[in-house]
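My notes follow the order in which I checked things.

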Amino acid sequence: MSNHRLRFARSRFAWQRLVATVLTGSLVSANFGSPPAQAQTTAYCQLTAAAIQEKETLRQAALQGSTDAQNRYRAILNQHAQILRDCRNRTWPQTQAVWLRLYPCDIQPGVLDKVMDHVVNRGYNQVYVEVFYDGQVLLPAAANPTVWPSVVRVPGAERTDLLAQAIQKGRDRGLKVYAWMFLMNFGYSYGQRPDRQSVLARNSKGETSLYVVDNASQVFVDPYNLQAKRDYYQLVLEVMRRRPDGVLFDYVRYPRGLGAGSVVNRVQDLWIHSEAAQQALYRRALNNKGLNLIQRFLSKGYVTARDIEIVDQLYPQEGEPLWQGRTPPPAPQPPNEPPTAAQRQPQLQWELWQLSVAHAIQGIIDFLAVAAWPVQRQGVKAGAVFFPDGNQAVGQGYDSRLQPWDRFPTTLEWHPMSYAACNNTSCIAALVQRVLQYAPPGTQVIPAIAGVWGRPISNRPSLEAQMQALRAYAPRIQGISHFALSWQEPQLESERKSCRIR
């Protein structure tokens, strides 16, 4: 895929041209020799406090071994699943999802049931379970053929498949369970492997992303590296063996630098200086002049008039330097003299810069296509998670993430992380509106918003306020996700992160 031809911009600053190359629910009862259990939804399809307490009491009793409680607990799960399904069918948004990270503590009896019950209680009908993050995978240690360590590394639990359990327990409650995976951020553990040093993305100084981000767990790979594609492809295959309802790819981008490093305006700062990316860039040349100039530009960060003169002398039989996407200016007609090397230098240098940026971007798009292929081949939904402002030109440079979401395939779900914080909903709505302006008709856009129910947090309004603001974009938006269950259930999150596993 890396040999796809690039299309380039005529405009210096236009990113898109550069890369153009709730309600009340019904009552349901169950009778197992006891009074009918009643469950009712409130706004946004959330269960009432009484329904939640009844279910939790049954869960705890079932955990103690009571056969009657176990039967009644299963029955109430089915009831709540049907209530949720009915409510979501008639309540906007039809898809309401939440992001969830699992921990080794969740292998304890009853804990995962409690977590999934909380998901349903809040009115969610989808849950995005994080399965690859911070250089570890949610696969059982005894059945993990990938290069990453397993999340669960508890003695005696080597065969415990927390991902498979989460998928099954979610479906038992009527939930669709997506696998949420980092893409180009392979994690610190990967970056420490001696046999994977050539896979890492590097700038012109030979630095990896560890030098430019404040989170030491982030290690980004060169998307042109074949080993990176093989490692990730194997991971996706293992995840798909658990048959999730969908797969979401996060970190579909390069790292964001700190301070002034958040903008790239020099080729030295692009993550295309590892061997695979360099060779792929050289292959974009269409003649010897083009190749020579690309090599000079990549090594120095610029070309001079003297460089152009030397290249002309080396290959006198060739016309203009050529590379993918370049349309050279028409040859001057007599009696006009051809432009000098000094006159040609500014345009050639600018076009080489555009080529380099577009090459970096194309690597992301190709890598995403490799990752999504085994998912979509099985008829499972795939989606890409992105920052709505991650694809922008900034002055004469670009946002260092170079996140080309406006070129993501429309066969993918688009999940814009609309996390702006300005004490009201205007900045959040603006991000979503920007995505909708770029999204071709038919694209499924499912914004992700951050917050908690019932109150503002971190300069963001409540989830209710944000949801009401985004409802203005219906029917184009029929789904919204919330980051994250940990924000809504901080006590439960703390217990699950710091338990003593017995």
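I began with a charge over a ring: the charged end of Arg326 sits over the ring of Trp323, 5.3 Å from its centre. I note that the model is predicted.

Next I turned to aromatic pairs. I noted that a pair of rings is described by the distance of the centres and the angle of the planes. The count comes to 25 aromatic pairs. I looked up Phe182 and Tyr251, which form a tilted pair, 4.3 Å centre to centre with 50 degrees between the planes. This pair links distant parts of the chain, since Phe182 is in strand β4 and Tyr251 is in the loop between β5 and β6, 69 residues apart. I found both Phe182 and Tyr251 buried.

Then I took Phe483 and Trp487. Their ring centres are 6.0 Å apart and their planes stand at 80 degrees, so I wrote the pair down as edge-to-face; planes over 60 degrees apart count as such. Phe483 has 23% relative accessibility, so it counts as partly exposed. Trp487 is partly exposed too, with a relative accessible area of 26%. I also found Phe483 and Trp487 in a cluster linked by ring pairs, together with Trp99, Tyr128, Tyr178, Trp180 and Tyr419.

Last, I looked at strand β10, residues 413–416. Are its faces covered or open? Both are covered: Glu413 and His415 are buried on one side, Trp414 and Pro416 on the other. I recalled that in a regular strand the side chains alternate between the two faces of the sheet. Strand β7, residues 381–386, runs parallel to β10 and is joined to it by four bridges. I noted Phe386 opposite Pro416 in β10.

Notes
Residues are numbered from 1 along each chain as its sequence is written. This is a predicted model: local features need pLDDT of at least 70, side-chain atom pairs count only at pLDDT 80 or more; totals for chains, interfaces and linings use all residues. Side-chain values use heavy atoms; hydrogens and water are left out. Buried means under 20% relative accessible area, exposed over 50%, partly exposed in between (1.4 Å probe, protein chains only). Helices (H or I, at least four residues) and strands (E, at least two) are DSSP runs, numbered from the N terminus. Two strands pair if DSSP finds at least two bridges between them. Rings of Phe, Tyr and Trp (its six-membered ring) pair if their centres lie within 6.5 Å; planes under 30 degrees apart count as stacked, over 60 as edge-to-face and the rest as tilted. A charge sits over a ring if NZ of Lys or CZ of Arg is within 6 Å of the ring centre and within 35 degrees of the ring normal.
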